[in-house]
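Me: Please walk me through how to read a few features here, starting with a loop and then a helix.

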Amino acid sequence: MNVFFTFDVEVWCNSWNSLDQDFPTSFDRYIFGRSAKGEYALPKILDTLSKYDLKGVFFVEPLFAARFGVEYLAKIVTLIQSAGQEVQLHLHPEWTDEARNALLEGVTSKRQHLTQYNLEEQRTLIQHGLRLLQEAGCNLPLVAFRAGSFSCNNDTFSAVAMNGLKFDSSINPQMETSQPSNIAPVYANPYEVFMHNGLTLIPMSSFYDGYGHHRHAQIGACSAQEITQALENAALKQWHTFVLIAHNFELMVPKHNTPDFFVAQRFIHVCRFLDANRSIMPTVNFADVSTFPEPCNMPLPVVGKIATTRRYIEQALRRLL
């Protein structure tokens, strides 16, 4: 079973009303995560992947650079590529109206989701994203895309394909903004890899938690035991692809410059597990794969109650910190 260990790399400021004032501090926090305990954003993630010889896919959001300059984006790309990891395209169109030079004519207000743009606008934004990554020194060719907030529709997939990309990882069956119902007839189910108009769609992986609820496999939103049990059960049920997600800032306490040791330990635990089980669930890049089996309604992985209860306990303890 191939494991795509994916990371959405984004930069956010405290307010859209004070971008220029907030950006230097925000960039430092979101990209480097400097703290009294060390750097707990991209450097920590990259060092840990290197320690356990794992491959990561870093979906990098570039539109912020249309406001602040490609040199900042280049720092991100250099960090990732110097560590031998793969860069692919992520897009948060909230940055569209903040660009110094217009990315889309006439867009002067905030539109959060890519699905709020028509086909030609989506095509153009993706084209700008690819251009910015190229200007930042990204190794080419780029082949994969993920929409911000997993917001996607049929126009998204058409726009991705029109830009020459081969893979899309925008579908998250657990999110309302990520339900492209107009392509439902081609699904075996919304959890498996499938083809659509020549594009390979690779949904975010999900599982049933210990109490029967759907959960997507995110480092910051699951216990380490839930993720490792989901991986084990998926392999047992002969899933051929599993997609994990984390963010560049996920090892930090929200809104603070301190490490979140609960999430940091989860990340390390999962990395150790993947290292120990690489023979049956290797981590892969998009450059490593070209074909996938046909979808066949595979049953979702299931994890135990103790693993999910541990998440509840960790969440309660984190709120006390």
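**Loops first, then a helix**

Reply: K255 sits in the loop between β12 (241-247) and α8, where helices (H or I, at least four residues) and strands (E, at least two) are DSSP runs, numbered from the N terminus. Bear in mind that the model is predicted: local features need pLDDT of at least 70, side-chain atom pairs count only at pLDDT 80 or more, and totals for chains, interfaces and linings use all residues. Residues are numbered from 1 along each chain as its sequence is written, and side-chain values use heavy atoms, leaving out hydrogens and water.

Me: What is the phi of K255, and is K255 buried or exposed?

Reply: Its phi is near 65 degrees, positive in a residue other than glycine. K255 is exposed, at 83% relative accessibility (buried is under 20% relative accessible area, exposed over 50%, partly exposed in between; 1.4 Å probe, protein chains only). D53 also has a positive phi, about 55 degrees, without being a glycine. You'll find D53 in the loop between α2 (42-51) and β4 (57-60), exposed at 57%.

Me: Now the helix: which residues of α9 are buried?

Reply: An α-helix has 3.6 residues a turn, so residues three or four places apart point the same way. In α9, the buried ones are A307, T308, R311 and E314. They fall within an arc of 110 degrees seen down the axis, so they line one face of the helix; the arc takes directions from the helix axis to the C-beta atoms.

Me: Which residues are exposed on the other side of α9?

Reply: K305, I306 and L320. The buried residues of α9, meanwhile, pack against β11 (214-216), α7 (224-236) and α8 (261-276), with contact meaning heavy atoms within 4.5 Å.
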